[in-house]
Amino acid sequence: MSEVFDVVVIGAGPGGYVAAIRAAQLGLKTACIDKRNTLGGTCLNVGCMPSKALLHASELYEEAGHGFEKFGITVKGLSVDIKAMMASKDKTVGELTGGIEFLFKKNKITWIKGVASFTGRHALEVKLNDGSKQTVKAKNFIIATGSDVVSLPGIEIDEKIVVSSTGALSLTKVPAKMVVIGGGVIGLEMGSVWRRLGSEVTVIEFLDQLLPGMDGEVRKTFGRTMKKQGMTLKLSSKVTGVKTTKNGAKITYEPVKGGDAITIDADIVLMSVGRRPYTDNLGLDKTGVELDNRGRVKIDSDFSTSAAGIWAIGDVVEGPMLAHKAEDEGIACAENIAGLTGYVNHDVIPGVVYTMPEVAGVGKTEEDLQDAGIAYSVGKFPFTANSRAKANMNTEGFVKILADKVSDRILGVHIIGADAGNMIAQAATAMEFGASAEDIALTCHAHPTESEAMKEAALAVHGRTIHM
């Protein structure tokens, strides 16, 4: 008889590998299937982690070239070695993916390398990477196949001239001109990397501001900052065509409201218009699993699907396509399978843009609250008035807290600033405990730290800010 697992996870990205580890910790016989020869999915291999390595390296390069002098430090003969920078990035990726492999061995998880497709509700056929096939049976399956890049109609991503984030992470030289199609998180992060290293970067965005879905005031401030840093922004513009040439590409775009078409040249075009749930060739039609009108797997609050014994998490289900959201869902899903009570509060999922300055937000935006007709108070504090930011000469941005007008409960926090990605964790923790703005205002914050701006913003909700 063939082996039957308690849980088989399809996909080894942040959601999948975490779900597998948690299931194994709970005593469930667990396997994880992934088509890559390394664990970690898009995030660790060609997404979150390599991009952060390049963001950090490029920030150091720009700081050494343009920021050290204000501190009395002079650097001569500065240069960048792209090959060495990429090697450093790859080393980081290798260490992280190897770390997950160690955790799989530690937790006795069976790792199956191949592409899985359902043959029914309780079995998969896996086309193994070595060319053979294997049938895998389980009492429970978790679909954690993540998402894939999308392009605009008629524009092919060749990963040479027209690249996705994957190609943008492995360029062998600094392009003289780069055009980023899409003003979202991925495009701006990768665009900022290559701008710092010397590219002339143009961002073409359909909407009237960058970073769709984030707080409006933050978006406007961020746009001004990107312009100041040297990015060219073409907002309220739609790309109508990309024609590759021998040495690059010609990009044609026009105003959304109508007007003459404009054509510009680029060495590299970064396509960054979003991602789609990845359920290709998964055989869901043989299971009874239902999809919504956007191709996402429909789930209940416990992550179960319409087919008993099949569960789904991460980018293939509703919600923001974020690694940490997928991780939390993976843990909760495994606990539900084991008979525990796994839960994720989707109202408190922070989002971060790892540019410089960083942008972070959690909870409702002002636009959300206005659309819902919820009365709220605003407390805002700029980093120009924060002593640590002053000492570091990094005063761009602010902290903004939105609190319920009646109860003072924190409804949303939005930050643009040098350490926003770390600071947002305090806001998420406070919101998870149902804290009020006054709770943060009455909490002693270490001095001097950027986090004092959070306390001052909380004081500002009630007009009591001290340092402004």
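**Close-up 1. Ser436, a buried residue in a loop of the predicted model**. Ser436 has a relative accessibility of 12% and therefore counts as buried, a word that stands for under 20% relative accessible area, while exposed stands for over 50% and partly exposed for what lies in between (1.4 Å probe, protein chains only). Ser436 is placed in the loop between α11 (420–432) and α12 (437–441); helices (H or I, at least four residues) and strands (E, at least two) are DSSP runs, numbered from the N terminus. When residues up to four places away in sequence are not counted, Ser436 touches Asp408, Arg409 and Ile410, where contact means heavy atoms within 4.5 Å.

This is a predicted model, in which local features need pLDDT of at least 70 and side-chain atom pairs count only at pLDDT 80 or more, whereas totals for chains, interfaces and linings use all residues. Residues are numbered from 1 along each chain as its sequence is written, and side-chain values use heavy atoms, with hydrogens and water left out.

**Close-up 2. The aromatic pair of Phe118 and Phe141**. A search of the whole structure finds one aromatic pair. The ring centres of Phe118 and Phe141 are 5.3 Å apart and their planes stand at 80°, so the pair is edge-to-face (centres within 6.5 Å make a pair of Phe, Tyr or Trp rings, the last by its six-membered ring; planes under 30 degrees apart are stacked, over 60 edge-to-face, the rest tilted). Phe118 is buried at 1% relative accessible area, and Phe141 is buried at 0%.

**Close-up 3. Lys113 over the ring of Trp111**. The charged end of Lys113 sits over the Trp111 ring, 4.4 Å from its centre, which requires NZ of Lys or CZ of Arg within 6 Å of the ring centre and within 35 degrees of the ring normal.
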